[in-house]
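The sequence and the model are shown first, and a description by topic follows.

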Amino acid sequence: MNPQPQNVLDYPGENTIFLVWNFKKDQEVGAVFQRICALVINLNNSGEIRFPFSGASCVMGIGYDAWRRLGLPAPLPKELANFAPIVGGKHTAVATRGDLHFHIKGAAKGICFDMAAALAQLLDPVAVSVEEVHGFRYWDGRSILGFVDGTENPEGEKRAFFGLIGDDDSAYRGGSYLFVQKYIHDLKAFKALSVEDQEKVFGRYKENDVEMPDGVKPANSHSALANVGDDLKVIRDNMPFGNMSTNEMGTYFIAYASTFSTVKKMLDAMFIGSPEGNYDRLLDFSTPKTGSLFFAPSVSFLKSVADGEPAMEVVSSAAPIAAGGGNGSLSIGSLKKESGYE
Ligand code: HEM
């Protein structure tokens with residue numbers, strides 16, 4: 001039986017809170033992490049029972065440094081590493097630290113808020129919140145730039161194929177690579193373009209969301225460069241956000257993928273260009289302020305951590321990173337030998 005994935009294949013929904021928390025130095029973090037795993041399972045079960053069909057859920061991702069500090073299993077998921085910046089001739093995809101990422105969604109804002117509050121209460125003594133973005137569905141699923149975002153996402157069974165790890169890394173089946181970037185847009189400059197020129201930025205028509213035909217679509221448009229092949233897709237769950245008082249208008253880019261290398265190919269094409277120098281015109285109006293890679297393990301993985309399964313034969317990856325009260329390792333490098341683990 002395949003391990004149950006976290007809620008990574010679902011659609012973006014109405015309201016979202018994205019959170020990034022980083023562990024404090026010199027703290028024992030293992031016990032709190034164990035409780036966080038139990039809480040994430042609890043929040044999802046509770047959301048489903050209390051508000052059925054409202055899509056309330058919370059997905060947790062774990063960064064490379066945190067994985068090592070917590071002593072989670074080794075070998076690690078094959079492509080889990082710290083994201084390295086991608087430096088193009090004009091634009092750079094920055095890399096920022098992220099230990100834990102939470103992707104909370106729900107039809108009602110209230111449940112999203114309560115989930116975030118419950119997580120914060122547990123994490124606060126040992127970690128700091130470094131990012132919190134409240135995203136919302138904008139009209140008919142448009143980005144804050146006014147174009148529908150998500151149309152070419154995989155559908156049906158293809159979502160699991162492109163979104164979840166399979167037999168290529170069988171110890172982590174049911175997990176996903178989770179890549180996020182918080183973009184701030186120069187909305188004023190973008191809106192100063194004529195609609196025709198805005199459409200050339202995306203390679204799609206604005207009102208009806210139809211793709212431009214080949215020959216008309218510019219080579220430096222977003223859809224020309226982000227499309228790296230029909231067999232290389234990811235699940236995008238982007239959400240717009242906006243704040244009038246700070247004039248911060250943005251897109252929280254979030255992708256779940258069976259391989260990080262697919263996301264990397266897209267980023268290379270956008271930032272370095274394809275061919276080199278032919279970079280994504282969208283970047284002239286969009287600046288990434290963050291960039292982090294996480295791994296979103298299956299629910300069974302979270303359960304094993306929550307249950308504090310006794311060590312078995314899998315080698316722990318714990319690195320003596322944390323000083324003070326121990327290395328923060330959970331000593332659970334030997335997660336339960338159940339489906340999905342070896
Ligand atoms: C500045 C932030 C971004 C915005 C506002 C944005 C918005 C959009 C929009 C409006 C579309 C067209 C409709 C659709 O198919 O979804 C699109 C397509 C797409 N985007 Fe983005 N995007 C952003 C960043 C990214 C990044 C960083 C990646 C990859 C790492 C990416 C990957 C894709 C892909 C794969 C497509 C589909 C291309 C196709 O097959 O036609 N996007 N995006």
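Which residue in E6 stands opposite Phe23? The residue is Ala127.

## Model and confidence

The structure described here is a predicted model. The average pLDDT of the chain is 91, and 90% of the residues score at least 70. Over residues 310-328 the pLDDT is below 50, and this stretch has 52 contacts in the model beyond near neighbours in sequence. Residues 333-342 also have a pLDDT below 50, with 37 contacts in the model beyond near neighbours in sequence.

## Strand E1 and its partners

Strand E1 comprises residues 15-23, and because eight of its nine residues are buried, the strand is largely enclosed by the rest of the structure. E1 and strand E5, residues 100-106, run antiparallel and are joined by seven bridges. Within this pairing, Leu19 has Phe102 of E5 as its bridge partner.

E1 is also paired with E6, again in an antiparallel arrangement, through nine bridges. The pair of Phe23 and Ala127, with which this report began, belongs here, Ala127 being in E6.

## Leu119 and the residues around it

Helix H3, residues 109-123, contains Leu119. This residue counts as buried because 24 other C-beta atoms lie within 10 Å, where the cut-off is 20 or more. Leaving aside neighbours within four places in sequence, Leu119 is in contact with Leu19, Ile36, Leu39 and Phe102. Two of these contacts, Leu19 and Phe102, are the bridge partners named above.

Leu119 and Val40 are separated by 79 residues in sequence, while their C-alpha atoms are 8.2 Å apart in space.

## The largest nonpolar core

In soluble globular proteins, nonpolar side chains tend to be buried together. The largest nonpolar core of this model has 79 residues, of which Ala255, Ala257 and Val263 touch the most other members. Not counting residues up to four places away in sequence, Ala257 touches Phe162, Gly163, Ser176, Tyr177, Val234, Ile235, Thr262 and Val263.

## Surroundings of the ligand

The ligand is surrounded by 24 residues, and the closest are Glu152, Ala226, Asn227, Met266 and Ser286. By type, the residues of the shell divide into 11 nonpolar, nine polar and four charged.

Most residues other than glycine have a negative phi, and most peptide bonds are trans. Against this background, the peptide bond from Ala74 to Pro75 is cis, with omega near -5°. Pro75 is placed in the loop between helix H2 (64-69) and strand E3 (86-87). Another cis peptide bond joins Ser274 and Pro275, where omega is about -5°. Pro275 lies in the loop between H8 and strand E11 (286-288).

Phe53 has a positive phi, near 65°, although it is not a glycine. The residue occupies the loop between helix H1 (30-50) and strand E2 (57-62). Phe53 counts as exposed because it has 7 C-beta neighbours inside 10 Å. Trp139, also other than glycine, has a positive phi near 50°. Its loop runs between strand E6 (127-136) and helix H4 (157-163). Trp139 is exposed, with 8 other C-beta atoms within 10 Å.

Between Phe161 and Pro75 the separation is 86 residues in sequence and 23 Å in space, C-alpha to C-alpha.

In helix H9, residues 299-306, the buried residues are Ser300, Phe301, Leu302, Ser304 and Val305. H1 is included in what covers these buried residues of H9. Just after H9, Gly308 takes a positive phi of about 55°.

Conventions: Residues are numbered from 1 along each chain as its sequence is written. This is a predicted model: local features need pLDDT of at least 70, side-chain atom pairs count only at pLDDT 80 or more; totals for chains, interfaces and linings use all residues. A residue is near a molecule or strand if its C-beta atom, placed from the backbone, lies within 6 Å of it. Ala, Val, Leu, Ile, Met, Phe, Trp, Tyr, Cys and Pro count as nonpolar, Asp, Glu, Lys and Arg as charged, and the others, Gly among them, as polar. Helices (H or I, at least four residues) and strands (E, at least two) are DSSP runs, numbered from the N terminus. A residue is buried if 20 or more other C-beta atoms lie within 10 Å of its own, exposed if 12 or fewer, and partly exposed in between; C-beta atoms are placed from the backbone. A nonpolar core is a set of buried Ala, Val, Leu, Ile, Met, Phe, Trp, Tyr and Cys residues joined through C-beta atoms within 7 Å. Two residues are in contact if their C-beta atoms, placed from the backbone, lie within 7 Å. pLDDT is the predictor's confidence in each residue, from 0 to 100. Two strands pair if DSSP finds at least two bridges between them.
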